[in-house]
Amino acid sequence: MASIFNSLYVGYSGLNAAQVGINTTGHNITNAEVDGYSRQRVVTSAATPISYSAGNVGNGTEITEIKRVFDNFVFERYSSISSDKEYSDYEQKTLETLSTYFPEIDGVGIKSDLAEYYNMWETLADNPDNDAIKLALANKATDLSEHIKSTQAQVIALQSQVNSELMVNINEVNAITKELASLNKSIDTAEAGGGYDANDLRDRRSVLERNLSKLIGAEVTSAEIKSDIGFNSSANSKTGSYSISLNGFNIVDGSTYHEIHASNLGNAKGFFEISYERQDGALIPMEESINGGKVGAILALRGGVVDS
C-alpha cells in the first residue's frame, strides 16, 4: 500500500531528476567551447509503480541514462572534408613558398636571366667578331648558372624541410593511435554490463579520430551504428568492434595499435620511408597507401616512393 513515505519519495525522485538535469546543463554550458564536446541530455522515465488493489500507484521518476547528442554520419562527412582541407592547405602553403623561388617580376629571377642570356646570343649573332659581346655572353652564362644553382639549393632545402615534417607528423600519428587504443580499453571498461555510456571518453575519441583523419585520412569502422529516434531524431552511436584502417592497413584494432615506422637509414639522401609493422614484426612499405590528409600532401610533394 502506498504510504506517506512513498509520497515523500515521489517528490524526492523528482527533485533528484531535476538536480541531475541542472548538473548536466551546467556541464554542457561549461564545456561549450571545448573542442569536440557533444551536448548531453538526461533521459528519464516513470519509475516502477507500486501494485495496489485498485491498480498501480505511481512511484515517481527515475533517470534512465545520460545520452550524448551525436550524429556519426555528419561526423564522418566532417572528418573526410577535414582531411581534404588539410591536404589542400598544406599543398597550397608549400607551393606558395616554392613559387617565391621563381618570381614573375620583371628583371628578377631565372626567367629574367634566361631572357638576357638569349638576347645576348642574338646580339652575338649580329656581331660574331666582337670580343666584348663574347665576354658579356660568358658573364651572362655564369650569372644564369649561379642563379640556377642557388634556386636548386633552395628547392632542395624546401624538400628536406618537407621530409623532416613527415617524421614529425608520423610521430604524432603514432601518439594518437596509442591514445585511441587506450581510450577504447577505458570505454569498454566503463560501459561493461551496459551500465552507462562513457560520453566524455567518446567525445575525446572523436576528437582523436578527426585529428587522425586530418593527418592521414584514416577511416573508422565499427560493428554497427545504433540509432534512438525517441531520444533525438539525428542521434546515433557506434557500438561493437572498433578499428581504424588506412587503405587496408589496420592501425588501431580495439585496444591494440600498430605503429607506423619512418626510417631514413637506407636512403642516401636521408628521405624517410614509411612502413607498417605487422603482428609478426615484419615491415611493409606503405607510402603509396597514404594519399589523404597532411601526410598524404607531404608524400605527394616530396615524392611518395623514394629510390635508395
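Which residues form a nonpolar patch on the surface? Select Ile-4, Phe-5 and Leu-8: together they have about 380 Å² of accessible area (Shrake-Rupley method, 1.4 Å probe). Patch members have over 30% relative accessible area and no salt bridge, and nonpolar side chains are joined within 5 Å. Leu-8 sits in helix α1, residues 4-30 (helices are DSSP runs of H or I, at least four residues; strands are E, at least two). Leu-8 is exposed at 57% relative accessible area (exposed is over 50%, buried under 20%, partly exposed in between).

Before going on: this is a predicted model, where local features need pLDDT of at least 70 and side-chain atom pairs count only at pLDDT 80 or more, while totals for chains, interfaces and linings use all residues. Residues are numbered from 1 along each chain, and side-chain values use heavy atoms, leaving out hydrogens and water.

Now color by pLDDT, the predictor's confidence from 0 to 100. Confidence is lowest in strand β5 (residues 219-227), at a mean of 74, and highest in helix α5 (residues 199-216), at 93.

Arg-68 lies in strand β4 (residues 61-68), so the pair ties together parts 135 residues apart in sequence. Asp-203 is buried at 5%, and Arg-68 is buried at 11%.

Last stop: Glu-287, in the loop between β11 (283-285) and α6 (293-302). Glu-287 is buried yet has no salt bridge. A polar atom of its side chain lies 2.9 Å from the backbone nitrogen of Ile-274.

How values were computed:
Buried < 20%, exposed > 50% of the residue type's maximum accessible area, 1.4 Å probe, protein only. Lys, Arg positive; Asp, Glu negative; His and termini not counted. Salt bridge = Lys/Arg side-chain N within 4 Å of Asp/Glu carboxyl O. Polar contact = N/O pair within 3.5 Å; in protein donor to acceptor, adjacent residues only side chain to side chain. Patch = residues over 30% accessible without salt bridge, like charges linked within 9 Å, V, L, I, M, F, W, Y side chains within 5 Å.
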